[in-house]
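Hello,

Here is the structure I said I would pass on. My notes on it follow below.

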Amino acid sequence: MAERIHWTLGQAQQLFDKPFLELMFEAQQVHRQHFDPRQVQVSTLLSIKTGACPEDCKYCPQSARYRTGLEAERLMQVEQVLDSARQAKAAGSTRFCMGAAWKNPHERDMPYLEQMVKDVKEMGMETCMTLGALHGDQAERLADAGLDFYNHNLDT
Ligand code: SF4
């Protein structure tokens, strides 16, 4: 697990003010201190709930506000997700990410999401989710189920 850094506002501002190529160079140096620069982790991303999102991110075809021709789907069944995870593992992925198009998960979704994380983790893969805004207790529950990583678009 990566070392946790407690950023001050000033430190974050300094980072934002750096010229982009300088930032790239520094990032590569830090990366090389901790990882093999030629190694790439293969991850698979599955949309576990597609379309009909109430948000309006301008670039996103999953927003209910734009006509993109995308067919909306309900939250996938746990077993369907596990089938995809098995296929991903067989194809060489070591991390499996599950993403849902909504503003945030509802309480009724949580047991299914926790089960997905638990079962994918038991397959020996790293688990990753992107589900929009979480409450603190939802984050704790997913972590307890075995969630390793959480992604969140800053514009959602
Ligand atoms: S919140 Fe996520 S799924 Fe919804 S419109 Fe924005 S990027 Fe798309």
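**Core**

Leu113 touches Ile48, Leu75, Trp102, Pro105, Met129, Leu131 and Leu142, leaving aside residues up to four places away in sequence; contact here means heavy atoms within 4.5 Å. This is a predicted model, in which local features need pLDDT of at least 70 and side-chain atom pairs count only at pLDDT 80 or more, while totals for chains, interfaces and linings use all residues. Residues are numbered from 1 along each chain as its sequence is written, and side-chain values use heavy atoms, with hydrogens and water left out.

Leu113 is also one of the residues with the most contacts inside the largest nonpolar core, along with Ile48 and Phe96; that core has 24 residues. At least two residues of this core come from each of β1, α3, β2 (95–100), α4 (110–122) and α5 (136–145). A nonpolar core is a set of buried Ala, Val, Leu, Ile, Met, Phe, Trp, Tyr and Cys residues joined through side-chain atoms within 4.5 Å. Buried means under 20% relative accessible area, exposed over 50%, and partly exposed in between (1.4 Å probe, protein chains only). Helices (H or I, at least four residues) and strands (E, at least two) are DSSP runs, numbered from the N terminus.

**Salt bridges**

A salt bridge is a side-chain nitrogen of Lys or Arg within 4 Å of a carboxyl oxygen of Asp or Glu. By this rule the count is ten.

Glu55 is buried, at 19% relative accessible area, whereas Lys103 is partly exposed at 45%.

In another salt bridge, Arg141 and Glu107 have their closest N and O atoms 3.0 Å apart. Arg141 is in helix α5 and Glu107 in the loop between β2 and α4, so this pair ties together parts 34 residues apart in sequence. Asp83 and Arg86 both lie in helix α3, three residues apart, about one turn of the helix.

Most residues other than glycine have a negative phi. Ala52 is not a glycine, yet has a positive phi of about 60 degrees. Ala52 lies in the loop between β1 (43–49) and α3 (78–90), and is partly exposed at 48% relative accessibility.

Regards
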